[in-house]
Amino acid sequence: HVRSEAHALRARLGCQGVKVLSDIDDTVYPNFGDKRDWSLGEAPYPGVVAFYEALTGPTPPGQSRLAFVSARPSERTGFVERRGVRKLRKLGLPPHSILAGDAWSVVGLLPGRVGHHGNRKIGAAKLRNFQQWSELMGEYDFVISGDRTQADHEFAAEALALEDGRVLAAFIHDVGDRERREAPSLFYNDTVLGHALDAHAGGWIASDGLARVRDDVARAWEEGVYPSSLEAIVAADLVRADTILAPPASAPKASR
């Protein structure tokens, strides 16, 4: 019933917006997969909050357009989910929910157990969770955000290939040692600003959203947050963003 009502609404009024599906560790903030020397403390990666807000647009009261697809297990008490939600809310993220993983996917995260097969199993678990969840929301399209440490790129490539075409794009933080999966509208970047530049080029965020991400990244750049290995990449991203966002030069006035 829910599925049929959602599709009827979409057929009558069109797509009702975009929901972002995001990983948590090494996508929202650095954890065990990102070994670089960040000076973030408890803060998220620079620009990630503004990027998600730009993708989803204003969120109506009582709604969530951001969901986290985690490989962490769900359990009947809801303790893991509640603790994760509390931590994420402290980061200033928009209203959100968490889609937990299962015990089999967590086995793949144990030291020494993450092989190619285990990585694919984690990606398959995330894809199953996403398909079940998205069946309830046929009136929405989706964007995926993740990294290469927990099979998000595997999940994203498969999700982009789904026949309904509701997954518009996927943005992968390029950390981790897993082999890349290539697919149309699957982007790999070292910075959130790199994601925002690709999203702007694809028409998924507007110029004001790109500007907010640029401003957050520029502020973090001035504060010395980034590890030295990213300095040249961030500088290049800022130049690209400034070039895109620069107002057009005024045409010279014709002489009388």
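What percentage of the 256 residues of the protein chain count as buried? In this predicted model, the share of residues that count as buried is 47%. The protein chain is built with nine helices and six strands, and it exposes about 13,200 Å², of which carbon and sulfur atoms supply 53%. Among the contacts in the protein chain with a separation of 6 or more, 73% are accounted for by residues 24 or more positions apart.

Two residues, taken in turn, illustrate such contacts in detail. Pro227 is placed in the loop between helix H8 (207-222) and helix H9 (231-245). With a relative accessible area of 4%, Pro227 is classed as buried because this value falls under the 20% cut-off. When its neighbours within four places in sequence are left aside, Pro227 is in contact with Arg36, Asp37 and Trp38. For Asp37, the C-alpha to C-alpha distance to Pro227 is 5.2 Å, although the two are 190 residues apart in sequence.

Tyr188, by comparison, belongs to strand S6, which comprises residues 186-189. Its relative accessibility is 12%, and Tyr188 therefore counts as buried. Not counting residues up to four places away in sequence, Tyr188 touches Arg148, His153, Ile172, Asp174, Arg180, Arg181 and Glu182. Of these, Ile172 is 16 residues from Tyr188 in sequence, with a C-alpha to C-alpha distance of 4.8 Å, while the backbone oxygen of Arg181 is reached by the side chain of Tyr188 at 2.5 Å.

Note on methods. Residues are numbered from 1 along each chain as its sequence is written. This is a predicted model: local features need pLDDT of at least 70, side-chain atom pairs count only at pLDDT 80 or more; totals for chains, interfaces and linings use all residues. Side-chain values use heavy atoms; hydrogens and water are left out. Helices (H or I, at least four residues) and strands (E, at least two) are DSSP runs, numbered from the N terminus. Buried means under 20% relative accessible area, exposed over 50%, partly exposed in between (1.4 Å probe, protein chains only). Contact means heavy atoms within 4.5 Å. Accessible areas come from the Shrake-Rupley method with a 1.4 Å probe; for residues, only the protein chains shown count as cover. A polar contact is a pair of N or O atoms within 3.5 Å; within protein, one must be able to donate a hydrogen and the other to accept it, and residues adjacent in sequence count only if both atoms are side-chain atoms.
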